[in-house]
Amino acid sequence: MAIEVRNVGKRFGDFVALEDVSIRVGDGALTALLGPSGSGKSTLLRIIAGLEVPDSGEVVIGDQDVTHDPARTRGVGFVFQHYAPFKNMTVHDNVGFGLSVRKRPKAEIGERVAELLSLVRLDGLAERYPSQLSGGQLQRMALARALAVQPQVLLLDEPFGALDAQVRGELREWLRRLHDEIHVTTVFVTHDQEEAMEVAEQIVVMNHGRIEQAGSPRDLYESPTNEFVMSFIGPVNRIGDAFLRPHDIQILPESDGSGTEALIERVVHLGFEVRVELKLHDGRDIWAQVTREEAQQLELSEGQILSVRLPAPRVFSS
């Protein structure tokens, strides 16, 4: 089910949360709303869900204008960052709650819950209580509960933000695989660039209530339209008005006259990647990103003076 947001605006008092925002999410697509705190991404998600009403503009789900429809009639599943399960209910009953209030037959509920628990890899945990689950398991239970009523659209508001890095990474991969299985149109909010680039097919970059750019992760990384997107998507060096990607900076094994002199101030090993902090001959500080193998071959060490080749800088018109 496709989603279209057309020229939506929203204010809270004097604060402009959204200003003339338009996006399209294709049927079955997985889209991330990415931006810093206060950029309007959660407000936009809540407007799509029907939890907030826009001051202007339209929200269309499928071919139906739902701008003023209540959330319960939109066919939307919603998962919050801080999921509050029913503590006195088992996993089975939490997941089946939406079906129970819709008066579905008990046999149908049992079949649907069993199917979903298998889908979210919680087989065998149906009779446990929320207090007996890990954070990652709770989030998967929350997703199963949202999917139980077979929503046309699934909306996730920073679903993994409260989890530790390792669990968050595991759930990213799991969410991507889950989406490939069920193909429900999904929009999720995140401020984590890596999460958006790893999981989403389309990223909508937001800032100060506006959309800066929308496109595939590769498009945004390789062809940013402005300074904000360039600096927000992926690592970057800024030298005056120019921007350089760290991985585009070449550290030369020996000077060939095409580079510029630089002093290694620090070498930081980050697993497979190595961050090399450099000071150029004119005093400017930059950093380069190389592989562990490249760092070993170059025998990089702090205090070493060497030659680096800088890429053509990217400069945006103001």
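This is a predicted model: local features need pLDDT of at least 70, side-chain atom pairs count only at pLDDT 80 or more; totals for chains, interfaces and linings use all residues.
Student: Two strands pair if DSSP finds at least two bridges between them. How many bridges join β14 to β17 here?

Tutor: Four. Strand β14 covers residues 260–270, strand β17 covers 305–309, and they run antiparallel. T260 has V308 as its bridge partner in β17. Strands are DSSP runs of E with at least two residues, helices are runs of H or I with at least four, and both are numbered from the N terminus.

Student: And how many join β14 to β15?

Tutor: Eight, again antiparallel, with β15 at residues 273–280. L270 is the bridge partner of E273. Two residues lie between the strands of this hairpin, and G271 there takes a positive phi near 70°.

Student: Okay. How many helices and strands are in the chain?

Tutor: Nine helices and 18 strands. The chain has 318 residues, and 46% of them count as buried. Buried means under 20% relative accessible area, exposed means over 50%, and partly exposed is in between, with a 1.4 Å probe and protein chains only.

Student: Switching to helix α2. Which residues there are buried?

Tutor: V91, N94, V95, G96, G98 and L99, in a helix that spans 91–101.

Student: Why would residues three or four places apart point the same way?

Tutor: Because an α-helix has 3.6 residues a turn.

Student: What do the buried residues of α2 pack against?

Tutor: Against α3 (106–119) and α4. After α2 comes K103, with a positive phi near 60°.

Student: Which residues touch the most other members of the largest nonpolar core?

Tutor: V95 and I203, in a core of 43 residues. Helix α4 (residues 135–148) gives the most to this core, seven residues. A nonpolar core is a set of buried Ala, Val, Leu, Ile, Met, Phe, Trp, Tyr and Cys residues joined through side-chain atoms within 4.5 Å. Another core of 25 residues lies apart from it, and I47 and V204 are among its members.

Student: What is I203 in contact with?

Tutor: Leaving aside neighbours within four places in sequence, its contacts include A32, L34, M197 and L220. Contact means heavy atoms within 4.5 Å.

Notes:
Residues are numbered from 1 along each chain as its sequence is written. Side-chain values use heavy atoms; hydrogens and water are left out.
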